[in-house]
Amino acid sequence: MNKKNNTTDFLKNVHRYLDNALSTNESKNFIQDVYKNPLLAKILNEERNLRTTIKNKLQRPEVAQNLIDSIRDNIYS
Amino acid sequence: MSEEKEKLTREEKIEIFEKEFLPHVEALKTFAYYLTYNDNDANDLVQETYMKAFRFAEKFDKGTNAKAWLFRILKNAYINDYRKKSKQPDRVDFEDVINYHKSDDVTDNKYLNLKEESIEEMMGDEITKAINSLPPEFRTVILLADIEDFSYKEISKIIGVPIGTVRSRLFRARNTLKDLLKKYAFSLGYKDYRSGKEEE
C-alpha cells in the first residue's frame, strides 16, 4: 500500500476512533499503531485539539426567553 | 405490523414537552441558526419544530433519544417547509460538491500541518466563518457530529442517509473545514511548521 493510501486510511481511523466508531479490537490496534509512530500520535492529537477548539469556539446564538415563552404560548393555547 | 401506540392525554404530552423536549432548545436553535443564517428564521424553525413535536408526541418513544428525534423534525421542517417558503435554495448544489470532492483520498496536507496554537488561537469568528463557508450538507454533518456529538447511526436517522454515507460525508466535510481553517491561519500569519513557508 502506498503512502497516500496509508495516510488516508490512518486519517479515516482517526476520525472513527474519535467518533467512538471503532470496535474494541480496532481501537486497541489503532492505539498500538499510534504508540509506535510519533507522527501518527501528532496527527491524532491535532485532530482531537481541532475538534475541541471548534466545539468551544463556535458561536452559539442566544435563546431569548421570549422564544421559549412563545413556544409555550402556542402549545398551551 | 406496526404497534398501535396508546393515545396520550394533553397533560402527558405537556409533561413530555417540558421534561424531554424543551431542554434541547439551545442545541436546536444553534442547528437552526447554522441552517438558515438568520436569527428570526432560526426562531421560526425552532418554533415549528416544537409545534410538530408536540402534535406528534405519540410517535415519540418516551425515554428514548428526544434530542435526535427533535433534530430530525427540524431538519425535515427545514427541507420541506423553510427552504421552499424562503425561496432561497442552498448556495451550492450538493451534487456539485459531491463531484468536486469525489475522492476520499487525502494527501499529507489534509492534516493541518500548522502549529497547534494557530488553530487554538483563532477567534470564534474565524471558526464560525469557516463552518458557514461549508456546503450545507457538509455543514450539517459537522454540526451534528462535532458540535452535538451524535453517533453515525443517529446522524443517519436525522438526515436520512445510510451510515456509510454519513461516514464518508463527514470525512470529506472535515477535510474541507481543515482546508478553510488552514487558509484562515495563513491569512493571520501562521506558518506551515514543516516547510517554514507562509501561504500566499
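This is a predicted model: local features need pLDDT of at least 70, side-chain atom pairs count only at pLDDT 80 or more; totals for chains, interfaces and linings use all residues.

Two or more lining residues come from each of α3 of chain A, α8 (136-147) of chain B and α10 of chain B. Of the contributing elements, α3(A) supplies the most, with 4 residues. By class, the lining comprises 5 charged and 4 nonpolar residues, and no polar ones. The space within this cavity amounts to about 50 Å³. A search of the whole structure returns 2 cavities of 30 Å³ or more.

The leading contributor to that lining, α3(A), also takes part in a helix pair within its own chain. Helix α2 (residues 24-36) of chain A and helix α3 (residues 38-57) of chain A have axes that come within 5 Å and cross at roughly 115°. On the α2(A) side the contact involves A:Phe30, A:Asp33, A:Val34 and A:Lys36, which meet A:Pro38, A:Leu40, A:Ala41 and A:Leu44 of α3(A). Classified by residue type, this contact has 6 nonpolar and 2 charged residues, with no polar residue.

Attention now turns to chain B. Helix α10 of chain B, which is among the elements lining the cavity, spans residues 163-187 and has 25 residues. From its first C-alpha to its last, α10(B) reaches 36 Å, close to the 36 Å expected at 1.5 Å a residue. Just after this helix, B:Gly189 adopts a positive phi of about 100°.

Positive phi values also occur in chain B at residues other than glycine. B:Tyr37, which is not a glycine, has a positive phi of about 65°. This residue is placed in the loop between α2 (25-36) and α3 (39-55) of chain B. Its relative accessible area is 33%, so B:Tyr37 is classed as partly exposed.

A further case is B:Asp149, where phi is positive at about 60° although the residue is not a glycine. B:Asp149 lies in the loop between α8 and α9 (152-159) of chain B; the helix α8 of chain B is one of the elements that line the cavity. With a relative accessibility of 52%, B:Asp149 counts as exposed, because the class begins over 50%.

How values were computed: Residues are numbered from 1 along each chain as its sequence is written. Chains are lettered from A and ligands numbered from 1 in the order in which they are written. Side-chain values use heavy atoms; hydrogens and water are left out. Axes are lines fitted to C-alpha atoms, for helices over the stretch in contact, and angles run from 0 to 180 degrees between N-to-C directions. Contact means heavy atoms within 4.5 Å. Ala, Val, Leu, Ile, Met, Phe, Trp, Tyr, Cys and Pro count as nonpolar, Asp, Glu, Lys and Arg as charged, and the others, Gly among them, as polar. The expected span of a helix is 1.5 Å times one less than its number of residues. On a 1 Å grid over the protein atoms alone, a cavity is a set of points where a 1.4 Å probe fits but cannot get out, and a pocket is an open set with protein on both sides within 12 Å along at least five of seven lines; lining residues have an atom within 4 Å of a point. Grid points are joined across faces, edges and corners, and a volume is the space filled by probe spheres set on the points. Buried means under 20% relative accessible area, exposed over 50%, partly exposed in between (1.4 Å probe, protein chains only).
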